[in-house]
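Student: I would like to learn how to read a model like this one. Where do we begin?
Tutor: Let us look at it together.

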Amino acid sequence: SRGLGDVYKRQISPLFVSILYLCYSNSTWRSIMKFINSLKERFTKEQLMIIATALSLSTPFYICVPFLLLETLYLLYTKKIINAFKSTPKSKYLIIFMLLTLAISLIYQNWIGVGCVALIFIFVSLMLYYRQYINEDTFEFILDMLIALSILWAIYGLFEQIQILDRLGYDHFTLKVFSRRENRLNSVFFNANYYAMMIEFTIMMIGYKIFGTKNVKKQLYYFIVACLNFFLLYMTGCRTAFVATAGAMLVFLIINKNYRICSLIGLLCIIGGIYFIFNPEQFPRIEKLVDNFTVRTKIWHAAIEGIKAHPLFGQGPMTYMMIFKQYGGHVTQHAHSVYLDPILSFGVVGVATLVPYMFDNCKRLFKVYQEKLNLRYVALVISCIAVILLHGVLDYTIFWVHTGMLFLLIASSFEMFKHK
């Protein structure tokens with residue numbers, strides 16, 4: 001794990017310097033206040049709250065989590081979260097899931113799991129609150145805000161890369177992706193793989209926006225931001241993200257009926273694959289490919305043994321951290337598989353308790369598709385699910401503050417069509 005001192009040098013210190021610089025600039029401060037006043041006129045208090053939730057996802061976890069906690073406590077105090085639970089169909093199954101997971105974590109003295117249950121409660125509460133007040137204007141604004149903020153993520157990531165190159169004695173303009181975790185850029189997302197998934201979701205959001213406008217200038221803007229994010233995706237060194245992004249893009253284009261562009265993208269993916277086959281040294285961290293896969297199989301073996309031992313209820317979130325020594329697994333936090341870790345942690349019964357809520361959401365999403373309310377939104381949600389399922393073959397990056405919350409917000413936005 002990275003030490004707090006390294007976290008300070010790579011994230012906190014430069015972040016505070018940037019904030020102080022912005023505050024020092026009077027013109028910048030006036031512009032910010034003018035922008036905030038325009039938002040107050042455009043959105044309700046509740047909508048500003050969910051915009052703030054989305055905005056917090058652009059801050060490091062040690063800022064994001066306390067903010068979301070305070071927001072949840074405020075909404076509990078005002079009883080708005082209680083009302084959200086009462087008015088959301090099938091939400092009782094989410095309560096059952098959380099209570100069951102908490103009980104199992106306590107039984108097995110999985111204290112990290114208990115903390116994770118608290119975070120899950122925060123995310124679920126804010127998701128249900130979000131569902132109550134989201135509308136199309138707010139949703140479009142949130143996407144544009146996050147796409148614009150991804151430019152700042154990229155700038156900070158490049159600054160971080162320069163720091164890494166300087167520390168390792170390389171020239172600042174060296175284009176090199178390093179293998180060790182502490183030498184891979186992660187922007188404000190703590191881990192390079194988490195940043196990679198945030199980029200994957202951002203690229204899907206850009207696809208949603210670029211096919212929703214005929215304004216050439218806006219299309220050019222989105223295209224440039226997409227290219228910037230693709231470059232940073234390469235620099236994260238997250239190999240799985242390439243396959244996940246390509247597959248999810250194709251899913252988006254097929255659902256959105258952009259068949260010609262889908263064929264073109266598919267052709268480019270094939271050309272890119274051929275290029276890397278003949279130039280494997282250009283593929284990030286290729287030298288560690290076999291070693292990393294060997295480690296993955298070791299992790300999966302331990303996870304499967306853990307599932308066999310507790311198939312029904314698991315042992316709570318982050319069970320892998322408790323059992324890897326017992327089954328000779330590799331030292332890490334989770335099972336590195338979206339297909340194994342939920343069953344390992346929550347068991348078959350725990351996962352099953354979520355099915356009624358998820359099924360109800362699927363019905364509502366299908367209604368959006370069936371009534372042709374917004375085909376692009378359906379494509380966005382399903383492409384984000386494709387990102388999770390493809391990336392999740394080799395990692396469990398969706399189980400994190402930024403990635404998990406962002407997906408929940410996107411996937412729950414079908415409520416913006418409830419008045420149509």
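Tutor: Start with a cut-off: buried means under 20% relative accessible area, exposed means over 50%, and partly exposed lies in between. Keep in mind that this is a predicted model.

Student: Which class does Glu415 fall into, buried or exposed?
Tutor: Glu415 has 10% relative accessibility, so it counts as buried. Its salt-bridge partner is Arg131, with the closest N and O atoms 2.4 Å apart. Arg131 is at 0% relative accessibility and therefore counts as buried. The pair links distant parts of the chain: Arg131 sits in helix H7, Glu415 in the segment after H18, 284 residues apart.

Student: How many salt bridges are there by this rule?
Tutor: The rule asks for a side-chain nitrogen of Lys or Arg within 4 Å of a carboxyl oxygen of Asp or Glu. The count is seven. One of them joins Asp137 and Arg42, at 2.7 Å from N to O. Here helix H8 supplies Asp137 and helix H2 supplies Arg42, 95 residues apart. Asp137 is partly exposed, with a relative accessible area of 33%. Arg42 is partly exposed as well, at 44%.

Student: What does the pair Glu46 and Lys80 tie together?
Tutor: Their side chains meet in a salt bridge, 3.3 Å from N to O. Glu46 is in helix H3 and Lys80 in helix H5, so the pair ties together parts 34 residues apart in sequence. The cut-off matters here: at 19% relative accessibility Glu46 counts as buried, while Lys80, at 21%, counts as partly exposed.

Student: Now the nonpolar core. What is the general idea?
Tutor: In soluble globular proteins, nonpolar side chains tend to be buried together.

Student: Which members of the largest core touch the most other members?
Tutor: They are Phe139, Phe201, Tyr377 and Leu380, out of 96 residues. Helix H9 gives the largest share of this core, twelve residues. Apart from it lies another core, of eleven residues, including Ile299 and Trp300.

Student: What does Tyr377 touch?
Tutor: Leave out residues up to four places away in sequence. Its contacts then include Phe139, Tyr208, Leu365, Ile410 and Phe417. Tyr377 is also one of the buried residues of H17.

Student: Where is the nonpolar patch on the surface?
Tutor: Look at Leu69, Leu70, Leu73, Leu76 and Ile82, which together have about 420 Å² of accessible area. Helix H4 contributes the largest share, four residues. Leu73 is found in helix H4. At 46% relative accessibility, Leu73 counts as partly exposed.

Methods. Residues are numbered from 1 along each chain as its sequence is written. This is a predicted model: local features need pLDDT of at least 70, side-chain atom pairs count only at pLDDT 80 or more; totals for chains, interfaces and linings use all residues. Side-chain values use heavy atoms; hydrogens and water are left out. A nonpolar core is a set of buried Ala, Val, Leu, Ile, Met, Phe, Trp, Tyr and Cys residues joined through side-chain atoms within 4.5 Å. Buried means under 20% relative accessible area, exposed over 50%, partly exposed in between (1.4 Å probe, protein chains only). Helices (H or I, at least four residues) and strands (E, at least two) are DSSP runs, numbered from the N terminus. Contact means heavy atoms within 4.5 Å. Patches are made of residues with over 30% relative accessible area and no salt bridge: like charges are joined within 9 Å, nonpolar side chains (Val, Leu, Ile, Met, Phe, Trp, Tyr) within 5 Å. Accessible areas come from the Shrake-Rupley method with a 1.4 Å probe; for residues, only the protein chains shown count as cover.
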